[in-house]
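Dear colleague,

Please find below the structure that I am handing over to you. My notes on it follow directly after.

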Amino acid sequence: MSASLEDIVSLCKRRGFIYQGSEIYGGLAGTYDYGPLGTQLKRNIVAAWLKFFVDGWDDMYQIDSAILMNQKVWQASGHVDTFHDPLVECSNCHSRYRQDEIKDDKCPNCGKEHTFGEPRQFNMMFKTNVGPVDDENNVTYLRPETAQGMFTNYRNILDSFSPDLPFGIAQVGKSFRNEISPRDFIFRVRELEIAEFEYFIKESDWEKYFEKWRKDMHGWFEKIGLPKDKIHEIEVPDNDRAHYSKRTIDFEFDYPFGKKEIAGLAYRTDFDLKNHQEKSGKDMSYRPKDGSAPFIPHVIEPTFGVDRHVLAVLANAYSEDEQGGEKRVFLKLPAELAPVKVAVFPLLKNKPELVDKAKEVYKMLKKEVQGTVMWDDNGNIGKRYRRQDEIGTPYCVTIDFQTLENDTVTVRHRDSTQQERKAIRDLWTGLV
């Protein structure tokens with residue numbers, strides 16, 4: 001079934017995936033807090049991304065750059081002058097929107113028509129000051145993208161590791177955008193996480209590597225369980241591309257609220273390195289080891305919205321069926337991404353012999369299973385199964401009276417709800 005956004009938001013709040021930021025004070029628009037299960041889900045997605053795009057390659061270098069950077073970085077990158085969205089304001093209710101959100105010149109808030117004036121440009125960077133003096137010399141910004149940290153460290157990577165071309169610099173980290181009208185839960189927010197890398201190449205090779213990473217991005221979506229028919233490529237036209245891009249493809253996913261961007265692939269040319277060389281006076285050229293002429297590399301940039309991945313994975317996994325005449329909600333998550341891999345139950349929590357044996361199995365699984373193992377003895381077995389189904393736990397292990405006789409346990413599978421008896425000594429070999 002197709003889940004509604006309301007279904008997903010409700011489950012996330014109820015089961016500890018995602019909460020509204022600053023909730024006890026009424027919240028802050030465009031900010032969300034990840035609860036224990038959401039934190040683990042996001043962590044698993046990031047770990048899978050690093051394994052797929054970074055750890056498995058000899059020519060990738062991961063960094064973690066500072067969020068605050070010298071303001072000259074953002075001047076050189078063009079963000080101070082060009083990182084804008086067109087803002088329009090309703091003259092009746094004074095609500096403000098991005099221009100592209102307005103359909104038929106009707107205000108989404110008050111319903112009045114023809115109340116919007118000419119759009120004005122709104123810079124989306126959060127501005128702040130460094131140090132005790134509030135003046136223009138101490139201005140900096142919360143980074144709107146992680147890319148510039150990789151460009152400013154490009155020279156350091158060359159000096160420290162002497163990589164051959166092509167090579168990549170990767171980063172996963174927070175970015176901040178002062179969105180005019182954040183919406184759709186964690187899809188459009190003011191504080192977001194991005195996973196991306198800059199792949200440095202010869203200019204003549206850009207089409208070859210653009211196509212390579214385009215195919216690999218589809219491989220990534222398939223790996224995390226997103227169906228091919230829910231992923232769409234959009235070729236971004238010249239007038240809609242970012243100021244640094246010569247070619248961009250947006251990858252869109254079928255979210256509950258429509259087809260929206262989940263990732264992007266851009267050919268940034270040598271725009272960033274060339275500008276940083278000009279503005280900083282530092283040499284950004286690459287010197288080939290064969291002694292040929294130095295040159296400034298060009299860049300292919302695959303970018304992935306981590307929060308948007310979390311939302312896509314949840315939306316795709318949300319499922320309902322009927323078990324015993326009752327509706328069952330479950331998350332059909334890939335085992336690699338599931339925040340809890342295995343749950344362990346004693347059949348009855350008031351029987352010390354069952355509890356002791358269950359704790360023994362729980363401790364063994366904690367050592368053997370790669371991921372989170374959860375203890376659950378709250379309520380009857382049926383309620384525990386429903387609770388684990390709803391958070392996407394692939395396997396539930398129940399210790400019952402037969403366990404005390406022959407050291408076997410009941411293993412229940414989330415998707416099929418089928419159960420099997422399995423010896424404790426063989427238990428972890430069949431689990432994630």
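**Findings**

R214 is buried, with a relative accessible area of 19%, because a residue counts as buried when this value is under 20%. Please bear in mind throughout that this is a predicted model.

R214 belongs to helix α7, which runs over residues 206-223. Its side chain makes a polar contact of 2.5 Å with the side chain of E233. When neighbours within four places in sequence are left aside, R214 is in contact with E233, I249, F251 and L265. Helix α7 also holds D216 and K212, which lie 4 residues apart, about one turn of the helix. The side chains of D216 and K212 meet in a salt bridge, with 2.8 Å from N to O. K212 counts as partly exposed, at 23% relative accessibility.

**Salt bridges**

Side chains of opposite charge can pair when their charged atoms come close. How many salt bridges are there in the model? The count comes to 30. Among them is the pair of K259 and D254, whose closest N and O atoms are 3.8 Å apart. K259 is partly exposed, with a relative accessible area of 46%, and D254 is partly exposed as well, with 25%.

A salt bridge also joins the side chains of D321 and R328, with 2.8 Å from N to O. Here D321 is partly exposed, at a relative accessible area of 24%, whereas R328 is buried, with a value of 0%.

**Helix α6**

Just after α6, S162 takes a positive phi of about 45°.

**A nonpolar surface patch**

On the surface, I67, L68 and V130 form a nonpolar patch, and together they have about 230 Å² of accessible area. One of these residues, L68, is placed in the loop between β3 (60-62) and α3 (71-77). L68 is partly exposed, with a relative accessible area of 45%.

T398 is found in strand β19, which covers residues 395-399. Is T398 buried or exposed? At 4% relative accessibility, T398 counts as buried. Not counting residues up to four places away in sequence, T398 touches F345, L347, I381, Y385, T403, V409 and T410. With one of these, Y385, there is also a polar contact between side chains, at 3.4 Å. V369 is 29 residues from T398 along the chain, and the C-alpha atoms of the two are separated by 16 Å.

With kind regards

Methods: Residues are numbered from 1 along each chain as its sequence is written. This is a predicted model: local features need pLDDT of at least 70, side-chain atom pairs count only at pLDDT 80 or more; totals for chains, interfaces and linings use all residues. Side-chain values use heavy atoms; hydrogens and water are left out. Helices (H or I, at least four residues) and strands (E, at least two) are DSSP runs, numbered from the N terminus. Buried means under 20% relative accessible area, exposed over 50%, partly exposed in between (1.4 Å probe, protein chains only). A polar contact is a pair of N or O atoms within 3.5 Å; within protein, one must be able to donate a hydrogen and the other to accept it, and residues adjacent in sequence count only if both atoms are side-chain atoms. Contact means heavy atoms within 4.5 Å. Patches are made of residues with over 30% relative accessible area and no salt bridge: like charges are joined within 9 Å, nonpolar side chains (Val, Leu, Ile, Met, Phe, Trp, Tyr) within 5 Å. Accessible areas come from the Shrake-Rupley method with a 1.4 Å probe; for residues, only the protein chains shown count as cover. A salt bridge is a side-chain nitrogen of Lys or Arg within 4 Å of a carboxyl oxygen of Asp or Glu.
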